[in-house]
Every structure is written in structure tokens, then in C-alpha cells.
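Here is a short briefing to read alongside the sequence and the coordinates.

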Amino acid sequence: MSRKMKSKDIEALIYLAIIASPIYGIYLLFHNYGDMIGYSIVFLLICVSLVYILIFIFEYFYYKSEKFLAIKSSIKENILKCNELNAHIEELKQVSLAPNTVDYGIANYNDNSKYKYQRKELEKIKSNPNVYNCSLSICKGAQEQPFKYLCKYFNIKADEDTLSDVENIFNDFSAAEQGKILLKKERTDILDSIQNKLPSFLLEFRQKKLIKKLGFDDVDFNDYYFPKYTFNYVSAGGNSSMSCDVLLDLENLEKLILYLSNIIKFKKSIAGQRMLMTSSLREKIKKRDKYKCKHCSISIEQEPNLLLEIDHIVPLSKGGITSEDNLQTLCWRCNRKKGNKILSNEN
Ligand SMILES: [Zn+2]
């Protein structure tokens, strides 16, 4: 982390120097401040810019050189695997709670009040499926009991289908978050394996560009994909406002699963069989399956940065339930291929 910050800061400083040195030089010329200190500062800044320009030129030729292309092709397969995993993680992040699909129509808002009484803030309110514009008391209530208000005002029904949806999301997001960590590790391992062949200053200060030139796809490491629901209160005149966000990150999703299951009176599950998808259950299934893919038998011993996922053998959408019998460990590749087909363990 600190290494990344350092190189980023230095880069920013250098860009600043490239821009600032000629400007400062011109400033000195016009104001006849040509003293020794002024000139030496300009000289220093120009030197730094020159170094940077030299790095640019070096990079231009280096990334075209046969030496670099040979390194690149030696790790081609590994990079391809990384990029595939990256694409898979992006797919995992796409699942979402069934959005509120009701079309309420279009209406125009007209404020016919005399100037003094106009409520300009009300005009700005636009419909957004993840924002609920509400009274102050609802906003406060949402802060105290987020899930209760979430279900009520965002039409999330506390039933078995919703629970299955939330479990699916939790399962996929958990895999995505684990995948991100493993992908980072794998990338570091690949870089370490070719470390001696690469110019060290590129690794140290220009790693981002280097990674791109080696053929890695951009990886999105931030967590902005977690669904966020907002309760928004704005007073009619716009002078006071308050909002309350319910972020469904892994921690909250797991809590939501427990919350929903407490409300639901289960119909189809046989007593004791229906379990809840939680991080401890996910870990339990992986341990039971000895951290091996039940389909292709690849294990984390063979591939240390292998992403293992928890799969419903009979999918929830086809009537399967979350139970130990219906869960299995699959590697991400097999799970991706499976889609909605049911894999048999024998082949
Ligand atoms: Zn597999």
C-alpha cells in the first residue's frame, strides 16, 4: 500500500514540475528576479522534467523491444487466466435484487405559488429506484431499523423467493470479493516471477503502465458495486435535509439473510433441512469438499490462487434449497460453465 502511494505521489510531483518549471521560468524573466536561488530552482525543475522525458522515451522503445515482447509472451497464458478471472468477477458483481419494475407513469410538476411560497426543492426531486424521498420521521426510523424500512419502502417482500435472491447475491458477492484478493495475489506472483528480467525502476515507479503493457486488463478493486438504498428527506423549502443510506455490503447482506429468515414462515422446506447461506456455511462446505472442485477435481494445492465457489446443485430457481446436501464446491471455471445446467459429480 505504502509503496503504491509513494510512486503515485512522486508521479504527481513530477507532472507538477513539468508544468510548473516553464511557467516559473517565464515569471522570473518578466519580473527580473534573476537571482541565484530563482535560477537554481528552475534548473532543478527542468532537470526533473528531463529525467521524466527520458523515462518516456525509454518506455517507448523498451515496450517495443524484442526482449520485452519475449517476457510478455512467456507469461501470456497466466495473464489470459487472470483476465478471464477478472471478467468472471465483473459478472459476479452484476447480480442484483429484482428492481421495482412498476412503471408509475410521468407527471409534470408545476409550482403555481406566488414567489414567496415557491418550493424549488420539490421540483428537483426525480424518481430513482434506489432513493426514497420521505418525511423526516421515516428517515429517522430507517436509521434505527434499516431492514424493516428497507423492506417496507423499497417493496422488498419478506418471502422465500426474496431470501433466495439475497442468498444468491451474498454468495456471488462473497466470491467476487475473494476473487479480487486472489487475483491481486496472482498478479503479484506473476510479476515476482519475471521481476529479475524487468528494469527495477519500471516496477517501482511505473507499475501501472507496466502491468497494462504486459497485457493485464484493468481490475476494478473498489466496492462501489454494493447496492445502496437511500432514504432522503428534504424540507419543502430546501433549508433542511437529512438522508440515511443502507449499504448492502457483505456484512449487511448476511444480516439481511438472518433478518428475513426470522420473519418468513417456511413452506417448502422440511424441518431442519433448510439452511442459510452465510460465510460460515460457505466455509463449512469448502472444508467438507477438501477445498477441491467437485467437478474437475482441481484443488488449491495445485493452484494456490484458485477461486472456489459454492454452488447449489439443484439451482434455487429450479426448486433447490440451501442445504448441505444441495451445496457443493466448484472452481470458478466450472461454476461459470455450469450456468443453470445441473452437473453430475461422476464425470
Ligand atoms: Zn472445476
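The notes below go from the whole chain to its helices, a sheet and a loop.

This is a predicted model: local features need pLDDT of at least 70, side-chain atom pairs count only at pLDDT 80 or more, and totals for chains, interfaces and linings use all residues. Residues are numbered from 1 along each chain as its sequence is written.

**The chain as a whole**

- The secondary structure comes to 13 helices and five strands. Helices (H or I, at least four residues) and strands (E, at least two) are DSSP runs, numbered from the N terminus.
- Of the 347 residues in the chain, 20% are buried. A residue counts as buried if 20 or more other C-beta atoms lie within 10 Å of its own, as exposed if 12 or fewer do, and as partly exposed in between, with C-beta atoms placed from the backbone.
- Among the contacts with a separation of 6 or more, 72% are made by residues 24 or more positions apart. Two residues are in contact if their C-beta atoms, placed from the backbone, lie within 7 Å.

**Helices**

- Helix 2 (residues 36-62) has 27 residues and reaches 38 Å from its first C-alpha to its last, close to the 39 Å expected at 1.5 Å a residue. The expected span is 1.5 Å times one less than the number of residues.
- Helix 2 is hardly covered, with two buried residues among its 27.
- The axes of helix 8 (residues 160-193) and helix 11 (residues 250-263) come within 10 Å and cross at roughly 160°. Axes are lines fitted to C-alpha atoms, for helices over the stretch in contact, and angles run from 0 to 180 degrees between N-to-C directions.
- The contact involves residues including Leu 163, Val 166, Phe 170 and Phe 173 of helix 8 and Leu 253, Leu 256, Ile 257 and Leu 260 of helix 11.

- Three strands form an open sheet in the order 1-2-3, with mixed pairing. Two strands pair if DSSP finds at least two bridges between them.
- Strand 1 (131-133) and strand 3 (241-247) stand at the edges, each with a single partner strand, so one side of each is left without a neighbour in the sheet.
- Neighbouring strands of this sheet are turned by 15° against each other on average, direction ignored.
- Strand 1 and strand 2 (residues 228-234) run parallel and are joined by three bridges. Val 131 stands opposite Thr 230, and Tyr 132 stands opposite Phe 231.
- Strand 2 and strand 3 run antiparallel and are joined by seven bridges. Here Tyr 229 has Val 246 as its bridge partner.
- Strand 2 and strand 3 form a hairpin with six residues between them, and Gly 238 in the turn has a positive phi of about 85°.

**A loop with positive phi values**

- Most residues other than glycine have a negative phi.
- Lys 290 is found in the loop between helix 12 (279-288) and strand 4 (308-312), and its phi is near 55°, a positive value. Lys 290 is exposed because 11 other C-beta atoms lie within 10 Å.
- Tyr 291 lies in the loop between helix 12 and strand 4, with a positive phi near 50°. Tyr 291 counts as partly exposed because it has 14 C-beta neighbours inside 10 Å.
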